[in-house]
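Q: I am new to this structure. Please take me through one part of it closely, the sheets and what surrounds them.

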Amino acid sequence: MKKNRIPLIRRDFSFSGHLLCSLMNIWIIRLSSFGRIFTLMENGKVLIIDDENQLRGLMTRIINLEGYQVLQAADLAMAEKMLKEEQPDVMLCDVKLPDGSGVEFVRKIKPQYPCTEVILLTAFGNVHAGVQAMKNGAFDYLVKGDDNDKVIPLLAKAMESVRLQKRVRRLEEQVVKKYDFQNVIGQSQVLHEAITLAKKVAPTNTTVLLLGETGTGKEVFAQAIHYASKRSGHAFLPLNCSAFSKDLLESELFGHRAGAFTGATKDKKGLIEEANQGTLFLDEIGEMDMDLQAKVLRVLENNEFIKVGDVKPIKVNVRIIAATNKDLKQLAQENKFREDLYYRLAVFAIHLPPLRERKEDIELLANYFLKIAAGKINPKVTALSPSFLDRLHQHDWKGNIRELKNIIERAVILAEGTSLTPDQLPFDLPEQSAEKVTSLKLSDIEKSHIRKVMQYTNQNKTRAAELLGIGLTTLYRKLEEYNLHTN
């Protein structure tokens with residue numbers, strides 16, 4: 001009975017008969033493991049585009065048995081509609097269809113659906129159409145009648161390619177989300193103004209100069225600008241200009257040719273070349289040597305540079321974001337920074353406010369750093385006590401956000417309960433800033449100092465007496481006098 005069906009298919013469909021015959025044989029083999037196949041989970045969506053109804057139907061049944069969800073379209077108009085509504089992972093598309101060419105269809109849909117793979121089904125003698133389809137973005141092509149046994153394996157490869165592309169896309173989206181401006185923590189007006197400026201300049205290729213004290217989050221802003229730009233799919237490379245000597249910094253920036261200096265055994269790409277099409281973040285650019293400043297200026301003006309030990313310029317397309325905690329204009333007036341480079345960098349300058357100018361953001365930042373530190377170190381710590389927060393608001397934060405982060409992490413390490421308390425603050429964090437002092441009485445100052453020393457020593461009276469330079473008996477008397485009860 002089976003033998004009679006196969007010749008019938010060949011007679012009715014002379015063009016695709018061989019394909020149908022082979023698919024029928026595959027189907028029969030697959031039915032032998034019927035129970036196992038139907039336990040498979042759905043592996044993805046496949047859209048079959050062909051104007052032969054019986055061919056579509058048989059291919060649908062075969063591919064269904066592989067665990068895929070299968071959709072059907074008889075022409076390109078229906079295929080385009082289903083592509084938009086169902087978003088299939090892989091399409092098996094005939095080259096010749098009633099309303100157009102599958103080759104042109106690939107060229108049309110690929111820019112809009114880059115993660116959808118297309119396998120073209122072409123007739124023998126029309127292989128050049130398949131080749132052209134691959135140039136247009138098709139995954140591969142099959143010759144009907146000759147490549148029947150390749151359908152299922154090729155479909156699996158295409159599906160794996162789709163999964164990999166989607167995984168990469170998800171990772172890229174996670175990175176962009178991680179460095180989004182929404183993750184810049186704070187609600188103060190001064191911070192909002194800085195974010196507004198950064199958002200406006202991000203989509204452009206304009207050079208940006210970030211100004212602010214150490215620890216104000218200049219690299220965070222630089223990353224947010226990069227990932228909000230059209231360069232987000234390319235590299236973001238940071239370089240601290242104060243961390244290298246002149247010669248090392250030149251090699252790091254521009255790269256070198258083999259033999260350029262002792263130890264240069266092979267060619268090396270510099271960060272400017274590595275960041276091509278992306279963004280290079282030059283932190284502490286005020287520390288850069290004047291000679292190197294001239295070479296950076298050439299990159300900004302001519303989009304080219306020369307490697308150490310080379311004479312041939314290399315073209316590059318890189319955006320530079322620079323940062324400094326110094327007054328570059330003042331340095332330029334003192335001939336300690338190139339004036340032409342300053343004006344080239346300062347095309348769009350953004351000032352990042354110090355933490356003491358945005359104290360309304362301290363609680364938000366402290367809770368954010370608490371969540372991170374507790375997750376890594378001490379999960380039982382979940383809150384900041386009111387007295388702890390009060391002390392944070394009193395501090396001047398010369399180290400800004402970085403100092404706050406370090407203090408929260410230290411406090412989490414020392415914490416024994418579920419809340420952070422002033423006991424976990426470092427000895428050098430004043431209880432009050434100078435402008436908050438309300439008493440100049442010697443007794444009040446002494447009381448405050450003894451309290452801080454006791455906190456620093458974790459209530460170790462012997463150690464506290466040693467630091468204070470007084471006898472243990474005297475310390476006990478002072479503790480009683482000032483009502484500084486301890487455990």
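Predicted model: local features only at pLDDT ≥ 70, side-chain atom pairs only at ≥ 80, totals over all residues.

A: Residues are numbered from 1 along each chain as its sequence is written, and side-chain values use heavy atoms, with hydrogens and water left out.

Start with the sheet in the order 2-1-3-6-7. It is open, has 5 strands, and its pairing is parallel. Helices (H or I, at least four residues) and strands (E, at least two) are DSSP runs, numbered from the N terminus. Two strands pair if DSSP finds at least two bridges between them. In general, strands of a sheet pair through backbone hydrogen bonds, either parallel or antiparallel.

Which strands stand at the edges? They are strand 2 (69-73) and strand 7 (140-143). Each has a single partner strand, so one side of each is left without a neighbour in the sheet. Neighbouring strands are turned by 20° against each other on average, direction ignored. Axes are lines fitted to C-alpha atoms, for helices over the stretch in contact, and angles run from 0 to 180 degrees between N-to-C directions.

Strand 1 pairs with strand 2 in the parallel sense, over 5 bridges. I49 stands opposite A73 in strand 2. Helix 4 (residues 53-64) packs on this sheet. It touches strand 1, strand 2, strand 3 (90-94) and strand 6. The direction of helix 4 makes about 165° with that of strand 2. Helix 5 lies across strand 1, strand 2 and strand 3. Helix 5 runs at about 145° to strand 2.

Strand 6 (residues 117-122) holds E117. Is E117 buried or exposed? E117 is buried, with a relative accessible area of 6%. Buried means under 20% relative accessible area, exposed over 50%, and partly exposed in between (1.4 Å probe, protein chains only). Not counting residues up to four places away in sequence, E117 touches D89, V90, M91, K110, G137, F139, A158, S161, V162 and Q165. Contact means heavy atoms within 4.5 Å.

Strand 8 and strand 16 pair in the parallel sense over 3 bridges. L211 has H351, in strand 16, as its bridge partner.

Next come the cores. A nonpolar core is a set of buried Ala, Val, Leu, Ile, Met, Phe, Trp, Tyr and Cys residues joined through side-chain atoms within 4.5 Å. The largest has 30 residues. L253, I272, L282, M288 and V296 have the most contacts inside it. The elements that give two or more residues to this core include strand 12 (279-283), strand 15 (319-324) and helix 13 (290-302). Helix 13 gives the largest share, 5 residues. Leaving aside neighbours within four places in sequence, L282 is in contact with L239, C241, L253, M288, V296, I320, I321, A322 and A323. A second, separate core of 24 residues includes A73, A79, V95 and A133.

Then the charged pairs. A salt bridge is a side-chain nitrogen of Lys or Arg within 4 Å of a carboxyl oxygen of Asp or Glu. The whole structure has 22 of them. One joins E86 and K45 (3.1 Å, N to O). E86 sits in helix 5 (residues 76-86) and K45 in strand 1 (residues 45-49), 41 residues apart. E86 is partly exposed, at 30%. E213 forms another with R356, the closest N and O atoms being 2.4 Å apart. E213 and R356 are 143 residues apart, both in loops. R257, D267 and D310 are linked in a network of salt bridges.

Last, the cysteines. A disulfide is a pair of cysteine sulfur atoms within 2.5 Å. The count is 0 disulfides. C93 is buried, with a relative accessible area of 0%, and C241 is buried, at 2%.
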